[in-house]
Amino acid sequence: MFSDRCLSVLTCLCLCGMPLAVSLAADDLLPPDRPIHEVVDHYIDARLSEKGVTPAPAVSDAEFLRRVTLDLAGRIPTVHELRDYTAATDPAKKTALIDRLLASPDFAFHQRNRLDELLMGDQRKDGPWRDYLLRSVQNDKPWDQMFREMMVASEDDSELAPALTFLKVRLRDVNTLTNDVSRLFFGVSINCAQCHDHPLVDDWKQDHYFGFASFFNRTYQTKSNRLAEKFDGMLKFRDTEGVEKPAKFMFLTGVSVEEPPLELTDEQKKQNDEIVKTSMKEDKAPLPAPEFRPRERFVELALSESNRSYFTQSIVNRMWASLLGRGLVDPPDQNHSGNTPSHPELLQWLERDFVANGYNLKRLLGGIAASNAYTRSSAWEGERPNPELFAVGSVRVLSPRQYSLSLLIATAGPESLPASIAEERWSELRKNWDGAAEGFADRLERPTEHFQVSVDEALMFSNDTRVDRDYLRDSGDKLVGAAQSLEDPSAQLELLFESALSRRPTDDERSIFLGYLQERSDRAVDGLKQVLWALITSPEMRFNY
Amino acid sequence: MPADPTQLKKDREFGLPGIAFCAARVPATERFYFGSSDAKVYAIDLADEKPQAVPLAEDGHTSYVTGAALSGNTLLTGGYDKQLLWWNVESNEIVRREPAHELWIRKIIASPDGRAFVSIADDMRAKVWSAGDGQLVRTLEDHQPLTPHHYPSMLYAVAWSPDGRYLATGDKVGHVAVWDASSFEKVGEVEAPLMYTWDPKQRRHSIGGIRSLAFSHDSKLLAVGGIGTIGNIDHLDGPHRIEVFDWQAKERKLEISNNELKGLVECLAFAPDGTWLAAAGGDHGGFVAFYKVENGESIKAEKAPMHVYEFTFSDDGETLYTIGHGKLATWKLSPA
Amino acid sequence: MTHSHPALSRRRFLGAAAATTAAANMAVVDLLSSPVFAEQLKQQQKRVILLWLAGGSSQLETWDPKPGRPTGGPFGKISTNAPGVEISELLPKLAQRMHHTAVIRSLNTQIGDHGGGATLMETGRREEAGIQFPDLGAIVARELGRKDSQVPDYVSMYTSTEGRRKGTSGFLGGRYAPMFLSESMIPPNLARPEEIGELDHRQRMELRQLLTERFQRDRQNLVVSSQTSAYQRVRGLMSSESLFDIEREPQEQRDFYGPSQFQQQCLIARRLIEAGVPFVKVARAWWDSHGQNFETHRELCADLDQAMSALLDDLERRGLLEHTLIITLGEFGRTPGINPSLGRDHFASAWSCSLSGCGIKGGSVYGKTDEDGHRVVEGETKSGDLFATIFSALGIDWQKEYHFGARPIPITDFGCKPIPEVLA
């Protein structure tokens, strides 16, 4: 019998399943030497034509620029970038743009933020951790290496030790730690197997949950906040029959590791306990150095060829989702047999490509961004096709950092921005901006699943004087000031629209907004401010569409 | 031989039923009466071969007994049941019951000449009682019923000067009133607001207050005991704190704040020669500490085996008796 | 629209937007003085005030006194105006109002750390990694709030900093997130800043709405709609600012509630409830009496006794009590054992809470602890049972389900059900 608590199994469809729902022979996939974007379109288009769905047309140059700059640089384009890009006639300008963005300092900052938000969510901010991520991204560090560092970096390596922050902030509760590692790195929400075996899939048991948790069960933090592992300690759990069972060190795939038996004298055991105890009490105590280190074994297992698919699929899928608004496996932390990928071959091809090219996230993102699937318009009249077809572009709310930084750029006077990000000072500027954007970003809610824009946000934009002060100022370095110096209201309006929305006003908009500005001509600055306010609070600004 | 606090050393320890909040010693003996959290008043004689706490009459108090003072054969006790009981300790009888206060009684003391008792309670009144006939002599009112933050205040501490001339009462917010013990006019006041421990931001309450008072033998100095600034007022996690005033000059002479031994200063006493000041109290644990009156320097401080609520010295001054959470302990102060 | 430019007012979108906001401006300002409106509200809506005793108050010094027992502490018990019901002498005013109140003395919720206990008692179920459950306020906001409401659905006040929790709408999303007051007694950003005039403030909102409609037309999307509706609510909510301003209450009303911040916040809660806010939480922190439990409770129970009594009287006088449920609850209770600092520690296996007003059988007591208060001997109640009871008292179907992705989430935790003994 289930206990009351475990009745939740009946509705707990969230689970976890057999390893890798679909596994095709390599021969069935497109050849590995094809460019990523071609493969993406091959599989996406095949499915579309199979379903008889004509996808949305590609977006305009300006819309593409805005979309891809938000996705790869974490901000909207400047007016200069907009004008340069829309004026360029080079047929390969799209690829050149993607390459430029990936090579820009912007990419590292944004990718760092993307990974930080993915891995830390609402956890406290941590300078060394974020610096670690930034350094790693700047050096194109492979994802498997970053994972390894987050799991087992040496505390003595000052460069890498901040990677352990991922574990440290979760140490209070081994269940959270277990589920977060599983969910964030492997795309599996394993928590439902905590209280019960899966009712439908025979081979997913509590053993898996407690097996996974076992790898982290000996991990603790010393008095000096260093991560360490104890010499012993095994989890036990009560199965649904109420029988107590010892856990094994078991990975998601069911593979387990045996701990080599240690014949310790009572004296040695006591000594070991003493070492652990001292490390919890004294700042300078040495860390225990057990022979058997569960986390190291965990990393070995998770990255081994026969087991690594959860790991690789998960990150490939998450990067896909971050550009397309939806995972090939969706939600991205629900990789199980009851929730198969929409395009299994594509996922597998990308996975293979990712591994063959050194777990390189930048390459993957660039490849996806170059696909036609990525360029589709998000507008669709009538009933929208099934989102798993990727027939229509997605509408994605900006992260607080994206929004905050984009507000800075949207409301900056064009003269205060470098004409080109190729300029040397761009790097320094981008770094300063990243810091400057933090304060306002903190005041916005971080989007999670089922995110809705709260009334707090709308009230803040409507009534917090800081918004007016920071974004609507009429000083020369700000957009309102720059627009004010233009004589022609139509030119003013165009500048505001281009700067904030990366487009010119439509005829309809032009007539209404000009009418408004004309009415305000006695207080022209106020008029410009209100127009800019309407632009920066509009959904076109708030969403990547 | 005068007591030497540098020699302070714990001697004997006795387990007691419940929490002993108050005690009175029969002069020239080691016989104590003490009030307990189990609502009983006990007698214990340390001179016995196996000292044991023996309850007095069964139908006494109905809640914590927090005050006990002795005058001749008359023992006065009081507690959270708001009543005072007069006991004849010879006959082990309650001779008089008085619903004395509207709220909980916090402490009872006897005058040095034994002719009067004072009880204090959370109705913020100090009541002076004739020890002989138990009549109410005077009600002293100077303490505000509410704190500046609109919460109920408490009246925790009372002391009689050794020369019998003055009384002092101290409350939760750190206000002390000094009274002429014959006219019962207020003749002075001092403030020790830090002891209030009000936390206006984080937890919005307080747990401190003035918990102890003592006059020097010449009545000039008034020591005020409590707890210092607490980071986390969920616990008694602050330094034990003493302020000594020349109360007539309204001048603070000493400010002692000891973070090594945390908690409330529950009892205070000056040396007969005025050279040192003894304090005891505690948090989860307890302490006894001696300071130089001259400059506030620590002479000796020891952990006590329990939170101490009351202490008293033997007639020769060489033994200190501390009583508190589940225990009575004796300490030696004489040179070995 | 008299101040608008003709070019603007010709446009239908502006006309429509302006009409709603103009109506919104009127609504709340007047309703306090309008008996008709008050009458309508009485017939309509049920509401909740949650008095959250953050840090964990002691059941022994409130609803389940054990005087004379070793665990009982120094305070006595007093009889109440409900026959046979006795509570701590620290709550003398509430004792005279027990005919409104049901006491549950048999909570056994097991989680004894602040964060976990608070999450449990706020959401009615245990935490689950990977899913964030909505708290009671968000559920009530969703179930009892009106979609087009000009007042907030869920206001949460927590001014002390210790253990401060904002509350969460979890998977129900930002629409039901609390309007949170942590610093000031008036929510931030509810007033139009002086720097911008009323006309500009209104017209820029209209310009924004124009851009929104163009964008939204071909992009049906829940998140986009949430932004639109958030901005659409702004002008209405701004007109509810006065609700938070107790300066507007006659002095005798304010005196009636009392001067402490908690008491004043209870007055704000009543103003909000009266204006139709379905859920108001007033957190009183911090009851965590590890040291000096009795001094702490003497202080804080006086605050509670006065504030809650004033609320009961005032709501009753206004005819609102029968529609308003007052829940007095914290994350757990406190140990029967008294520690050497005269404190009580965290205790979640036998503790109490109370429900008053709407849908409640006043003067009832449910459940029983043993003579020293160590464990529940009768009517064991889990957080989910309490929630089911609350839902029932409010007329919310306690067996209702939400959906999180494909997964149905019953609003009452599994295996839990209402307690009929305390329901009217």
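## Close-up views of a predicted three-chain model

**View 1. Helix 15 of chain A is mostly covered, with seven of its nine residues buried.** A residue counts as buried if 20 or more other C-beta atoms lie within 10 Å of its own, as exposed if 12 or fewer do, and as partly exposed in between, with C-beta atoms placed from the backbone. The buried residues of helix 15 of chain A are A:L361, A:L364, A:L365, A:G366, A:G367, A:I368 and A:A369. Helices (H or I, at least four residues) and strands (E, at least two) are DSSP runs numbered from the N terminus. The model is predicted, so local features need pLDDT of at least 70 and side-chain atom pairs count only at pLDDT 80 or more, whereas totals for chains, interfaces and linings use all residues. Residues are numbered from 1 along each chain as its sequence is written, while chains are lettered from A and ligands numbered from 1 in the order in which they are written.

**View 2. A:F390 and A:D140 have positive phi values.** Most residues other than glycine have a negative phi, and most peptide bonds are trans. Phi of A:F390 is near 55°, and this residue lies in the loop between helix 15 (361–369) and strand 7 (396–397) of chain A. A:F390 is buried, with 31 other C-beta atoms within 10 Å. A:D140, which is not a glycine either, has a phi of about 55° and is found in the loop between helix 6 (127–138) and helix 7 (143–152) of chain A. A:D140 is exposed, with 12 other C-beta atoms within 10 Å.

**View 3. Cis peptide bonds occur at A:D330 to A:P331 and between C:A285 and C:W286.** In chain A, the bond from A:D330 to A:P331 has an omega near -5°, and A:P331 belongs to the loop between helix 13 (309–324) and helix 14 (344–356). In chain C, the bond joining C:A285 and C:W286 has an omega of about 25°, and C:W286 lies in the loop between strand 7 (279–285) and helix 11 (293–317).

**View 4. Helix 18 of chain A packs against helix 8 of chain C.** A:V455, A:E457, A:A458, A:L459 and A:S462 meet C:A230, C:Y231, C:R233, C:V234 and C:L237, a contact being a pair of residues whose C-beta atoms, placed from the backbone, lie within 7 Å. Among the two pairs of chains that touch, chains A and C have the most contacts, whereas chains A and B do not touch, their nearest C-alpha atoms being 19 Å apart.

**View 5. Four strands of chain B form an open antiparallel sheet in the order 9-10-11-12.** Strand 9 (105–110) and strand 12 (136–141) stand at the edges, each with a single partner strand, so one side of each is left without a neighbour in the sheet; two strands pair if DSSP finds at least two bridges between them. Five bridges join strand 11 (residues 125–130) to the antiparallel strand 12, and B:W129 stands opposite B:L136 of strand 12.

Note on methods
Axes are lines fitted to C-alpha atoms, for helices over the stretch in contact, and angles run from 0 to 180 degrees between N-to-C directions.
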